Amino acid sequence: MQYFIPKRVYYEPQSLDYDLGRELIDRFNKMGIEINSTASHNRVTGIPGKTAAQAYRESKKTLVIGVRRDSPFQTCKPSAHYQLPLVTGCSGMCEYCYLSTNMGKKPYIRIYVNIDEILQTAQQLIQARSPEITVFEGSAVSDPIIVERYSKSLEKTIEFFSKEELGRFRFVTKFTDIDSLLALNHNNHSTIRFSINCQSIIKKYEHGTPTLAERLEAAGKILQAGYPLGFLIAPIIFFPGWEEEYESMVKDLAQSINSHRGNVDEKITLELISHRYTKRAKFNIMDIFPESELPMDEDKRKFKYGQFGYGKYVYPSDIMDLFKEKFQVYIEKYLPESETKYFV
Ligand code: SF4
């Protein structure tokens with residue numbers, strides 16, 4: 001099982017006002033990890049690294065323990081109403097990580113220790129939208145599983161939402177350290193999704209993350225625990241042999257689901273996202289992974305204006321049509337009872 005052990009820890013002095021802050025410092029002290037204080041969890045200085053690539057790698061081994069201030073939750077359209085800020089960052093080093101563009105040059109991992117206050121804010125937002133259901137996304141700026149064994153924030157959050165009639169929680173992960181969530185009373189109010197890809201793409205681009213087989217095994221346990229379960233197949237990449245590899249991935253996914261399903265008849269949801277990138281993301285990727293072989297040739301892409309005003313490079317229509325046609329065949333063949341939410 002792959003899980004994160006920080007190389008260095010920073011903490012905001014105010015985090016010691018919270019039980020979790022004190023527990024974490026005590027725990028990391030006992031583990032012999034270097035600990036320093038930092039005046040602000042937003043501006044941490046002292047993470048080593050002379051080049052962008054070194055700073056990135058060192059940041060991925062750095063944990064910051066902080067207190068989330070009163071700033072309002074960000075909206076999270078279209079998948080949810082709000083982001084739920086529990087953790088930021090991730091120890092994985094996927095070349096196409098969606099966090100790389102907005103987390104700056106030093107994407108360290110951060111745990112917020114004032115979970116009860118964060119959940120109180122969530123409760124106010126749920127009440128404000130009553131009688132509508134309000135959905136919160138726990139992975140908009142992180143993969144929260146990587147620090148769950150330290151923070152227990154997902155555990156608290158899932159239990160909190162289980163009692164909220166009008167609140168729902170969801171997050172997505174590539175990691176497998178999920179055993180602590182299995183026995184929780186989730187009341188079907190929390191959806192757990194796994195981000196998957198075919199194994200050759202994982203091996204080539206998703207450095208420091210579990211294999212496809214390990215993710216499917218973890219997802220199987222989540223299914224057996226009765227959680228609503230989904231899969232994000234992303235990013236779908238066009239490469240020689242993509243058809244065979246993606247078909248085999250969907251087949252493995254179906255086999256794993258069928259072998260874990262038991263009496264659970266809940267529909268599995270699928271979200272399919274083809275690879276896309278912005279100019280800025282490409283610039284960052286080449287800075288951090290100068291040897292990257294990620295296909296980002298503008299001549300082979302179509303430029304599309306995004307909803308937030310910046311443009312991105314997507315696959316041209318003929319490739320998108322081919323992706324959609326083939327995936328439809330694989331899904332109908334192997335996963336006929338799943339629900340595809342979207343394919344972009
Ligand atoms: Fe980014 Fe997800 Fe990979 Fe972590 S696992 S580096 S959040 S894409």
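Helix H3 lies across strands S4, S8 and S9 and runs at about 150 degrees to S8. The model is a predicted one. Its strands include a seven-stranded open sheet with parallel pairing and a five-stranded open sheet with mixed pairing.

**Seven-stranded sheet**

- The strand order in this open sheet is S4-S8-S9-S10-S12-S13-S16.
- Its edges are S4 (82-83) and S16 (339-343), each of which pairs on one side only.
- S8 (residues 134-137) and S9 (residues 167-173) run parallel and are joined by four bridges.
- Glu137 has Arg170 in S9 as its bridge partner.

**Five-stranded sheet**

- Here the order is S2-S1-S3-S7-S5, and the sheet is open.
- S2 (34-37) and S5 (87-88) are the edge strands, each pairing on one side only.
- Between S1 (residues 8-11) and S2 there are four bridges, and the two strands pair in the parallel sense.
- Tyr11 is bridged to Ser37 in S2.
- In general, the strands of a sheet pair through backbone hydrogen bonds, in either a parallel or an antiparallel way.

**Helices H3 and H5**

- The H3 and H5 crossing is right-handed.
- On the H3 side the contact is made by Ile115, Asp116, Leu119, Ala122, Gln123 and Ile126, and on the H5 side by Ser153, Lys156, Thr157, Phe160 and Phe161.
- By class, the residues of this contact are six nonpolar, three polar and two charged.

**Helices H8 and H10**

- H8 contributes Trp242, Glu243, Tyr246, Glu247, Met249, Val250, Lys251 and Ala254 to the contact, while H10 contributes Leu322, Phe323, Lys326, Phe327, Tyr330, Ile331, Lys333 and Tyr334.
- The contact of H8 with H10 has 11 nonpolar and five charged residues, and no polar ones.

**Aromatic pairs**

- With ring centres required to lie within 6.5 Å, the count comes to 21 aromatic pairs.
- One of them is Phe194 with Phe231, a tilted pair with 6.4 Å centre to centre and 35 degrees between the planes.
- Phe194 belongs to S10 (residues 190-196) and Phe231 to S12 (residues 229-236), so this pair ties together parts that are 37 residues apart in sequence.

**Backbone exceptions**

- Most peptide bonds are trans, and most residues other than glycine have a negative phi.
- Ser130 and Pro131 are joined by a cis peptide bond with an omega of about 10 degrees.
- Pro131 sits in the loop between H3 and S8.
- Another cis peptide bond joins Ala234 and Pro235, with omega about -15 degrees.
- Pro235 is in strand S12.
- Lys152 is not a glycine, yet has a positive phi of about 55 degrees.
- The loop between H4 (148-151) and H5 holds Lys152.

Terms used. Residues are numbered from 1 along each chain as its sequence is written. This is a predicted model: local features need pLDDT of at least 70, side-chain atom pairs count only at pLDDT 80 or more; totals for chains, interfaces and linings use all residues. Side-chain values use heavy atoms; hydrogens and water are left out. A crossing is left-handed if the near helix is turned anticlockwise from the far one by less than a right angle, and right-handed if clockwise. Contact means heavy atoms within 4.5 Å. Ala, Val, Leu, Ile, Met, Phe, Trp, Tyr, Cys and Pro count as nonpolar, Asp, Glu, Lys and Arg as charged, and the others, Gly among them, as polar. Two strands pair if DSSP finds at least two bridges between them. Rings of Phe, Tyr and Trp (its six-membered ring) pair if their centres lie within 6.5 Å; planes under 30 degrees apart count as stacked, over 60 as edge-to-face and the rest as tilted. Axes are lines fitted to C-alpha atoms, for helices over the stretch in contact, and angles run from 0 to 180 degrees between N-to-C directions.
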